[in-house]
Amino acid sequence: MKNIRTPLRQVRKRRGFTLENVKKGTGIDISTLSRIENMHQSANQLQAEKLCRFLGSANITEMEILYPTRFMDRNLKGIA
């Protein structure tokens, strides 16, 4: 499977967090986080709010979490 570079995954990795770190900080199950990152499931509003708060609103917005495909092209520019 192709490595999907959603805004959520990019920010999590850039900040050096594992899925376990994010689970502990947000209370969102690891399997749910993985499905959201891989676009097999959409985040709901509450999850997006928790993720944004944990990762920092300066790093990612709720809109980027709720609608990752709208922001993926911008994030992939310059990535080979």
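The largest nonpolar core in this predicted model has 14 residues, and Leu8, Leu33, Leu51, Leu55, Ile60 and Ile65 are the members that touch the most others in it. Two or more core residues come from each of α1, α3 (30–37), α4 (45–55) and α5 (62–66). Among these contributors, α4 gives the most, with four residues.

Leaving aside residues up to four places away in sequence, Ile60 touches Pro7, Leu8 and Val11, along with Cys52, Leu55 and Ile65.

Now follow Pro7, Leu8 and Val11 back to their helix. They belong to α1, where Arg9, Gln10 and Arg12 are buried as well. Helix α1 spans residues 7–14 and is mostly covered, with six of its eight residues buried. Just after α1 comes Gly16, whose phi is positive, at about 80°.

Stepping back to the whole chain, you will find six helices and zero strands, which read along the sequence as α-α-α-α-α-α. Of the 80 residues in the chain, 39% are buried. Contacts across the sequence are worth a look too: among those with a separation of 6 or more, 55% join residues 24 or more positions apart. Finally, the chain has an accessible surface of about 5100 Å², and carbon and sulfur atoms account for 49% of it.

Methods
Residues are numbered from 1 along each chain as its sequence is written. This is a predicted model: local features need pLDDT of at least 70, side-chain atom pairs count only at pLDDT 80 or more; totals for chains, interfaces and linings use all residues. Side-chain values use heavy atoms; hydrogens and water are left out. Buried means under 20% relative accessible area, exposed over 50%, partly exposed in between (1.4 Å probe, protein chains only). Contact means heavy atoms within 4.5 Å. Accessible areas come from the Shrake-Rupley method with a 1.4 Å probe; for residues, only the protein chains shown count as cover. A nonpolar core is a set of buried Ala, Val, Leu, Ile, Met, Phe, Trp, Tyr and Cys residues joined through side-chain atoms within 4.5 Å.
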